[in-house]
Amino acid sequence: MSLVKAATAAVAMAASMAIATPAVAAPPRPFVFVHDNFQPASQAKSAGAVTYDKALVPTTATAFVAELRLGGKGMEQHEKNMHGGHHKMHSGTFVFLSLRGVAADHHFGIHVHTKACGTKPDASGPHYQNKKDPKQPSTNPKYANPHNEVWLDVTTNGSGKGYAKAWVKWHFRSGEARSVVIHKHATGTTSGKAGEAGARVACVNVPFK
């Protein structure tokens with residue numbers, strides 16, 4: 001677990017640096033870093049992030065998302081280049097999210113979704129699931145849970161800032177995880193409501209590996 005803690009610290013530090021200096025170049029694979037300002041939904045075709053509820057997520061707000069993939073060919077080669085030789089590695093995916101300028105003292109339900117953001121809130125599709133629920137929309141806790149999906153719920157402070165991190169023991173399937181969607185309220189966990197978090201108030205395009 002020490003490797004996961006180290007990854008958390010590294011990504012958190014990179015997040016603060018990227019927010020302070022948005023022009024920082026994206027690091028090499030297997031990392032993904034996205035830092036965007038929210039734009040009106042009408043600009044979804046060209047925007048990296050859009051808002052559907054400007055009261056909760058105004059266009060002055062920003063989002064930072066980072067993914068670190070542990071294990072797999074890309075990371076194994078990266079580790080080999082850095083340290084040399086072979087050694088046992090953790091395998092999984094770490095995701096970090098930071099929000100600034102959104103509604104203060106608010107709890108947002110936030111998840112990774114399967115499609116890119118669009119002009120309409122539902123354009124981003126359902127939650128990404130490692131093991132797909134055969135019944136959609138998925139509200140079964142067996143599938144709709146933070147171990148089978150990536151949940152990044154955030155409670156903001158009085159200045160509208162907040163962050164979250166998630167660790168799962170699997171990797172995204174190529175091309176099947178395309179965005180992070182911000183919902184109106186906290187994510188439900190009970191049968192029939194698992195994974196539900198109210199209206200989609202904003203969306204960030206993220207090209208997850």
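Strand β6, spanning residues 107–113, is mostly covered in this predicted model, with six of its seven residues buried, where buried denotes a relative accessible area under 20% (1.4 Å probe, protein chains only). Strands are DSSP runs of E of at least two residues, numbered from the N terminus, and residues are numbered from 1 along each chain as its sequence is written. Because the model is predicted, local features need a pLDDT of at least 70 and side-chain atom pairs count only at pLDDT 80 or more, while totals for chains, interfaces and linings use all residues; side-chain values use heavy atoms, with hydrogens and water left out.

Pairing, which requires that DSSP find at least two bridges between two strands, links β6 to β7 (residues 154–155) in the antiparallel sense over two bridges, and F108 stands opposite V154 of β7. An antiparallel arrangement also holds for β6 and β9 (residues 179–183), which are joined by five bridges, with V112 placed opposite V180 of β9.

The structure holds one disulfide, defined as a pair of cysteine sulfur atoms within 2.5 Å, and this bond joins C117 to C203 at an S to S distance of 2.0 Å. The link of C117 and C203 is left-handed, with -85° about the S-S bond. Since C117 lies in the loop between β6 and β7 and C203 in strand β10 (residues 200–205), the pair ties together parts that are 86 residues apart in sequence. Both C117 and C203 are buried.

The protein averages a pLDDT of 86, and 77% of the residues score at least 70, pLDDT being the predictor's confidence in each residue, from 0 to 100.

How values were computed. Buried means under 20% relative accessible area, exposed over 50%, partly exposed in between (1.4 Å probe, protein chains only). Helices (H or I, at least four residues) and strands (E, at least two) are DSSP runs, numbered from the N terminus.
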